Amino acid sequence: MRVVVVGAGLAGLTAANELADAGAEVTVLEARDRVGGRTHGIPVSATVVADGGAAYLGAQHTELLALLRKYGLDLVSTATTGDSTFLVSDQRTTSASRMPPLRGVALGDLFDRLEELVEQVDPEAPWATRRAESLDRQSAADWIAAERMHPDAETFFPLFLGEMMAADPAAISALHMAFYLRSGGGIRYLNAFEGGAQQWRIDGGSHLLCSALAQRLGDRVRTRHPVSAIDQDADGAVVHCVSDVDGTRSQFRADRVVVAVPPLLAQEIEFRPVLRAPRATAHTSRGRAVKVHLGYPAPMWRDHGLSGWSLSTHGPLLSTVDDSPPDESAGVLTGFVTGAAALAFSALSSDRQRDAALAHSHRLFPQLPPPTRYAVTDWLTEEYSRGGYAALFGPGDWLRLGPSLTAPHGRVHWAGTETSLEFFGLMEGAIRSGLRVAADLIQGAEAAAASREVVSL
């Protein structure tokens with residue numbers, strides 16, 4: 001069986017390795033000049049690399065943990081000590097708690113109502129959820145407005161969705177919000193560091209796992225091969241590439257094709273015959289995430305009794321975390337610009353971005369000197385990602401896209417974290433999608449071979 005895999009992120013590389021191990025002839029085509037997709041290493045010192053993309057994981061991410069063990073990659077705890085920092089309406093405070101200086105009863109009410117909504121979602125078929133049509137028709141912004149909650153809950157709501165989903169409440173349906181929170185293990189698990197989905201990060205960066213997966217495949221991985229079209233007929237499929245460097249055209253023949261790229265990119269590929277169901281609609285949008293890395297000689301905030309974790313009600317840095325290496329050979333503050341703030345920040349020139357980020361970090365941590373390193377990873381402008389952490393399903397998308405998320409289009413099969421009903425939007429979801437599609441193809445090939453054997457007898 002010849003298989004072409006489109007996309008060398010976690011999903012595509014996982015599928016490719018599983019298929020190669022089963023004896024398939026595999027070729028991986030990647031548009032970028034690197035592997036890793038929405039994982040990406042960013043140097044912040046001579047020896048330290050930070051995660052510009054996907055970074056965190058927890059104990060429920062069993063397939064990811066298994067791969068890390070297989071390739072000998074270590075975990076780093078995200079546990080920190082020291083006070084949290086808050087910048088609420090330009091008022092700076094610190095606290096031993098991660099609870100922002102907002103009305104606790106109001107935030108508790110918000111989470112109670114979110115939990116009630118999340119519990120209603122059918123995790124195996126969100127589009128079949130009771131009241132699915134109503135929930136998918138309204139945006140998350142519509143939902144919170146209809147709940148008529150305390151102003152402090154309304155203030156916190158977009159910050160929470162930005163941190164969890166890189167989403168602006170106006171850009172996603174209420175059904176997508178509820179499904180995302182459920183598929184990731186629930187609100188408390190997703191939101192937690194110790195014992196939660198943010199318990200660890202990968203020592204040296206999550207991109208190392210993709211590098212290991214690609215290295216095992218060797219020259220079967222071809223970078224700088226953006227796919228423009230996929231033809232198929234009764235005899236097989238042909239995948240067409242057009243080089244973004246010199247316009248050189250190439251094509252690859254296959255029995256099956258695995259498309260493991262985000263929905264907005266998949267929608268731009270020309271399929272012949274055409275898709276029976278779209279991969280994205282006019283309401284599907286880019287995940288709104290920008291990461292800002294600030295490098296220091298050491299994690300100097302710890303000297304002032306601070307954890308490096310912060311939350312702000314206004315951007316650009318809506319939150320920060322301490323991503324310093326365990327040996328403290330450098331200090332790394334990672335700032336998250338998400339939701340509506342990400343759109344505004346992404347539209348700025350690089351100089352204005354830097355000025356805004358450094359001014360904000362100074363308001364948060366006035367005790368610190370200017371950083372020695374500064375880096376921005378803007379997923380909104382990444383040509384071959386179209387946003388991060390994952391695509392945002394807008395009003396109407398789950399009812400339109402959900403039933404066909406994993407349904408093959410003839411010889412074309414789908415992978416990617418947005419096709420996973422488990423841990424949608426996370427590294428674990430990407431890996432599980434790759435395992436799923438590989439298992440489907442292997443089982444299909446085995447069944448076909450058995451059928452041919454019976455016929456020959």
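Predicted model: local features only at pLDDT ≥ 70, side-chain atom pairs only at ≥ 80, totals over all residues.

## Cavities

The lining of the largest cavity is made up of seven nonpolar residues, one polar residue and two charged residues. The residues concerned are Val 259, Val 261, Pro 263, Ala 266, Arg 279, Leu 405, Trp 414, Ala 415, Glu 418 and Thr 419.

The volume of the largest cavity is about 70 Å³. In total, the structure contains four cavities of 30 Å³ or more.

## The second largest pocket

Four elements each contribute at least two residues to the lining of the second largest pocket: helix H3 (104–119), helix H6 (151–165), helix H8 (187–191) and strand E17 (306–312). The largest share is that of H3, which provides six residues.

## Nonpolar cores

The largest nonpolar core has 72 residues. Those that touch the most other members are Leu 110, Leu 114, Trp 143, Phe 157, Phe 160 and Met 177. Helix H6 gives the most to this core, namely eight residues.

When its neighbours within four places in sequence are set aside, Leu 114 is in contact with Trp 143, Phe 157, Phe 160, Met 177 and Ile 187. Another core lies apart from the largest one and has 38 residues, including Val 5, Leu 213, Ile 431 and Ile 442.

## Helix H11

Helix H11 spans residues 339–346, and its buried residues are Gly 339, Ala 341, Ala 342, Phe 345 and Ser 346. These five residues lie on the same side of H11 because they cover an arc of only 125° around the axis.

Which strands and helix are included in what covers the buried residues of H11? The covering elements include strand E16 (289–296), strand E19 (331–338) and strand E20 (373–378), together with helix H12 (350–364).

Terms used. Residues numbered from 1 in each chain as written. Heavy atoms only, no water. Buried < 20%, exposed > 50% of the residue type's maximum accessible area, 1.4 Å probe, protein only. Arc of directions from axis to C-beta. Contact = heavy atoms within 4.5 Å. 1 Å grid on protein atoms, 1.4 Å probe; cavity = no way out; pocket = protein on both sides within 12 Å on 5 of 7 lines; lining within 4 Å. Points joined across faces, edges and corners; volume = space filled by probe spheres on them. Nonpolar A, V, L, I, M, F, W, Y, C, P; charged D, E, K, R; others polar. Core = buried A, V, L, I, M, F, W, Y, C linked by side-chain atoms within 4.5 Å.
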